Amino acid sequence: MSFFNSMNVAATGLTAQRLRMDIIAENIANANTTRGSDGGAFQRRTVVMRQAQPSTFSTNLQSALSGQPLSGGVRVSRIATDPTEGPRVHDPGHPDADADGYVQMPNVNIIMEMVNMISASRSYEANVTAMDVTRSMINRTLDIGRQ
């Protein structure tokens, strides 16, 4: 694996984690939205990731021998909606209350979203660190070539 392939892998991780943080922020922002675009309570969304391109040793070897760049990293396959139902809160004065005075709330758990945000942030930082280490290795390699 070349230096640039490792940078590309880290870049795919940065992109995926950034989207994950955006979706988590959207969930937090809509934690009290009782009427969404579909007319119901907001439904929590999650990012589903997959390996960029499943490969075996033989496909990697063929790619390396032919001079083609190796693939790797992660891709966002889709943004899924969490189908679980949120809590029902008794609030007869709410404009979205049903005949019994209950309001269907979003299925967003702020604590869980904050934990997910910290996890995404740490993953993002790990990918930045991997890119920095790779850049440092490239610079040291160039320094060796100059001497």
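Predicted model: local features only at pLDDT ≥ 70, side-chain atom pairs only at ≥ 80, totals over all residues.
A salt bridge is a side-chain nitrogen of Lys or Arg within 4 Å of a carboxyl oxygen of Asp or Glu.

Residues are numbered from 1 along each chain as its sequence is written, and side-chain values use heavy atoms, with hydrogens and water left out.

Glutamate 113 and arginine 44 form a salt bridge whose closest N and O atoms are 2.4 Å apart. Because glutamate 113 lies in helix H3 (residues 110-146) and arginine 44 in the loop between H1 and S1, the pair ties together parts that are 69 residues apart in sequence. Helices (H or I, at least four residues) and strands (E, at least two) are DSSP runs, numbered from the N terminus. Are these two partners buried or exposed? Both glutamate 113 and arginine 44 are buried, where buried means under 20% relative accessible area, exposed over 50%, and partly exposed in between (1.4 Å probe, protein chains only).

Now follow H3 itself. Its buried residues are Glu113, Ala120, Asn127, Thr134 and Ile138. At the start of H3, a side-chain oxygen of asparagine 109 comes to within 3.0 Å of the backbone nitrogen of isoleucine 111.

How many salt bridges are there in the whole structure? A search finds seven. Another of them joins glutamate 26 to arginine 45, with the closest N and O atoms 3.2 Å apart. Glutamate 26 sits in helix H1 (residues 3-29) and arginine 45 in strand S1 (residues 45-51), so this pair ties together parts that are 19 residues apart in sequence. Glutamate 26 is partly exposed, at 28% relative accessibility, and arginine 45 is partly exposed too, at 26%.

Finally, aspartate 98 forms a salt bridge with arginine 88, their closest N and O atoms being 2.8 Å apart. Aspartate 98 is in the loop between strand S3 (88-90) and strand S4 (102-104), while arginine 88 is in strand S3, 10 residues apart. Aspartate 98 has a relative accessible area of 34% and is partly exposed; arginine 88, at 45%, also counts as partly exposed.

Conventions. Polar contact = N/O pair within 3.5 Å; in protein donor to acceptor, adjacent residues only side chain to side chain.
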